[in-house]
Amino acid sequence: MARKTTNQDRLNHAPDEAKTALVLIDVINPLDFEGAEKLLAHALPMARFLAALKRRAKAVGVPVIYANDNFGRWRSDFPSLVERFLEAPVRGRPVVEQLLPEEDDYFVLKPKHSAFFQTNLEILLKYLGVNTLILTGIAGDICVLFSANDAYMRDFRIIIPPDCSASEDQDQNRQVLMLMQRVLKAEITPSADI
């Protein structure tokens, strides 16, 4: 008799090999800091593009990894953060609603700007066999930049869709994308072309 598939089986199932991973940086975010109103204006359209990219990535077996700030809550877990930002009247809620994690998505909580710093991201990527990262999220000129820098130093190929990265100032976002292209050899490619 065949064994019934359980929720635990589904949660533990992961692609054994995935050369590319989609990383969503700090998209589960209350946006409760100075300048967040300006950021939200750019994050809302970014979230729509990123949600579409995530659907396409998952359809072809690309794993999705949320790399999220723990917001100084050292007893937090990722599902609790998501739940809190959906229930509370926070500015970032419309972004969170568009980019809700799914049961089979991965997550790492980060204490600082880079998705790599003091997290298990590198171990997860090695387990999956990833050599290419599609880096997306908030803020392009801070956490995406720091994560791209650390990815470059670890010899990952980096792709950054400019429509899936948001900063408070779009001119600064464009400048940092050009910097990442020049210095970190990042491929700056619209999400529709990935």
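The accessible surface of the chain is about 10,400 Å² (Shrake-Rupley method, 1.4 Å probe; for residues, only the protein chains shown count as cover). Carbon and sulfur atoms hold 53% of this surface. The model is predicted: local features need pLDDT of at least 70, side-chain atom pairs count only at pLDDT 80 or more, and totals for chains, interfaces and linings use all residues. Residues are numbered from 1 along each chain as its sequence is written, and side-chain values use heavy atoms, without hydrogens and water.

The chain has 194 residues, and 45% of them count as buried. Buried means under 20% relative accessible area, exposed over 50%, and partly exposed in between (1.4 Å probe, protein chains only).

Seven helices and seven strands make up the secondary structure. Both are DSSP runs, numbered from the N terminus: helices are H or I with at least four residues, strands are E with at least two. Their order from the N terminus is α-β-α-β-α-α-β-α-β-α-β-β-α-β.

The largest nonpolar core contains 30 residues. Such a core is a set of buried Ala, Val, Leu, Ile, Met, Phe, Trp, Tyr and Cys residues joined through side-chain atoms within 4.5 Å. Leu22, Leu24, Leu50 and Leu99 have the most contacts inside the largest core. Helix H2 (36–59) is among the elements that each supply at least two residues. H2 gives the most, with ten. Leu50 touches Leu22, Leu24, Val27, Leu99, Thr136 and Cys164, leaving aside residues up to four places away in sequence. A second, separate core has 29 residues, including Val23 and Phe116.

Methods. Contact = heavy atoms within 4.5 Å.
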